[in-house]
Every structure is written in structure tokens, then in C-alpha cells.
Amino acid sequence: MAGTLGGTFQEPLKAPAKALNNAKLCVEVGTTGDKGMSDETAGYDSNNIFARILRGEIPSTRVYEDDAVVAFMDVMPQAPGHTLVVPRAPSRNLLDADPAVLARGIAVVQRIAVAVKRAFAADGVTVIQFNEAAAGQTVFHLHFHVIPRFDGVALKPHTGGMERPEVLQANAEKIRKALASAGK
Ligand code: 5GP
């Protein structure tokens, strides 16, 4: 991989873990909210946009959630189906995250990656995770980008144009269906 946004996985993803069976698929925009985030996490702004989405203060097009992780559509997708996987626990990024939170998060990343590949009949999936502004991070709550990829098709720019809500909804529905049919 060349270290650019155009990178792809070297190996195929395996089937999602069965251990995530307490998860529920999301069928509505801006569903449940979370309480209990504190300002005690060093360097963490509890009013960042993703914290507000997790609390239900701002709507999102959710495709998946469980007690530790939420996944919703990126409003400025770099490709159709661009999904953000966001652990509920407050941390700025990978650098200050609890390893247990990372473990839960990456398991959901895998599950979403398998689902978006299937949902969009993609050739591959790019997973991206930025740490601090110098590395390209713009929202300072830990998250992973999961982006379907097609041979020879470049990504749109990071935080480029806003997608129409009805397109995000349609893409989210494809992912929800793929998640629902996973393992069948
Ligand atoms: P970062 O640059 O921090 O890795 O990625 C932040 C991502 O969040 C960007 O891809 C951007 O398009 C997306 N984003 C920014 N604001 C919102 C929002 O209000 N809702 C959603 N769903 N995505 C957002």
C-alpha cells in the first residue's frame, strides 16, 4: 500500500465474528442517545460533533449500534457507502483510546467492512483512521472510515461535498440489509 487515500486491503476480510450477536440494526435516523460522557478525558471535547451524534443531539443515518459502538453514514462520503464506525467511549483518537475500546471497535469495523463490500458489490474496502490534525483528523472523537472500493476508481476528497440525505438513506438501507443477511 502506498500510504495514500487510494490504498486497499492486501488480504480479504474474514466472516464477521458471531460474538456481536447482541447488536441491533438501525432502521431510523438519529436513534438512541448516550449519556455519561465526561469532560475528564484529557484533551477530549465532549461537545465534538460525534459526541453530539452519539448523545442523539444531532441526527445521523445509523446502520448499526451496540452497547459500545455506533456506525453511521459519513455526510461527506469519499465513495458511496462510506461509513463511520464510532466507539461510544470518549477518546480523541487511537492515541488515547483504551485498548479494550479499540478491540470492540475494530470488530465492528470488520463487520461493517464485510457488509459494505457485499452491499455495493465492491472489489475491496478501504479502512482509514486519522490521528490529530497533522494526520488529517477533523473530528476529535475516535472513529474509523470504512469505504467500499472499485478497481480503478479513486476516492473523492476527504471532507469534500455533502451528500443528499435521500442518497445517504438509500445507501444505509443497502448496508443494513447486508448486515441483516450476514451469516445466512
Ligand atoms: P476525520 O477527518 O476526523 O477522520 O473524519 C471526520 C469525518 O466526519 C469526515 O469524513 C466528515 O465528512 C465526517 N463528518 C463531519 N461532520 C459530520 C456530521 O455532522 N455527520 C456525519 N455523519 N459525518 C460528519
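Modeller: Two residues are in contact if their C-beta atoms, placed from the backbone, lie within 7 Å. Please keep in mind that this is a predicted model.

Colleague: Which residues of α2 meet which residues of α3?

Modeller: By that cut-off, A115, V116, R118 and A119 in α2 meet K174, I175, K177, A178 and L179 in α3. The residues of this contact divide into 6 nonpolar, no polar and 3 charged.

Colleague: Why are α2 and α3 called roughly perpendicular to each other?

Modeller: The axes of helix α2, residues 99-119, and helix α3, residues 165-181, come within 8 Å and cross at roughly 115°. Angles from 65 to 115 degrees count as roughly perpendicular, and α2 and α3 are therefore given that description.

Colleague: What makes up the pattern along the sequence?

Modeller: The chain has 3 helices and 6 strands, and, read along the sequence, these follow the pattern β-α-β-β-β-α-β-β-α.

Colleague: How many residues surround the ligand, and which are the closest?

Modeller: The ligand is surrounded by 14 residues, of which V75, M76, F130, T138 and V139 are the closest. That shell divides into 7 nonpolar, 6 polar and 1 charged.

Colleague: What share of the chain is buried?

Modeller: A residue is buried if 20 or more other C-beta atoms lie within 10 Å of its own, and by that criterion buried residues make up 35% of the 184 residues in the chain.

Key
Residues are numbered from 1 along each chain as its sequence is written. This is a predicted model: local features need pLDDT of at least 70, side-chain atom pairs count only at pLDDT 80 or more; totals for chains, interfaces and linings use all residues. A residue is near a molecule or strand if its C-beta atom, placed from the backbone, lies within 6 Å of it. Ala, Val, Leu, Ile, Met, Phe, Trp, Tyr, Cys and Pro count as nonpolar, Asp, Glu, Lys and Arg as charged, and the others, Gly among them, as polar. Axes are lines fitted to C-alpha atoms, for helices over the stretch in contact, and angles run from 0 to 180 degrees between N-to-C directions. Helices (H or I, at least four residues) and strands (E, at least two) are DSSP runs, numbered from the N terminus. Angles under 35 degrees count as roughly parallel, over 145 as roughly antiparallel, 65 to 115 as roughly perpendicular and the rest as oblique. A residue is buried if 20 or more other C-beta atoms lie within 10 Å of its own, exposed if 12 or fewer, and partly exposed in between; C-beta atoms are placed from the backbone.
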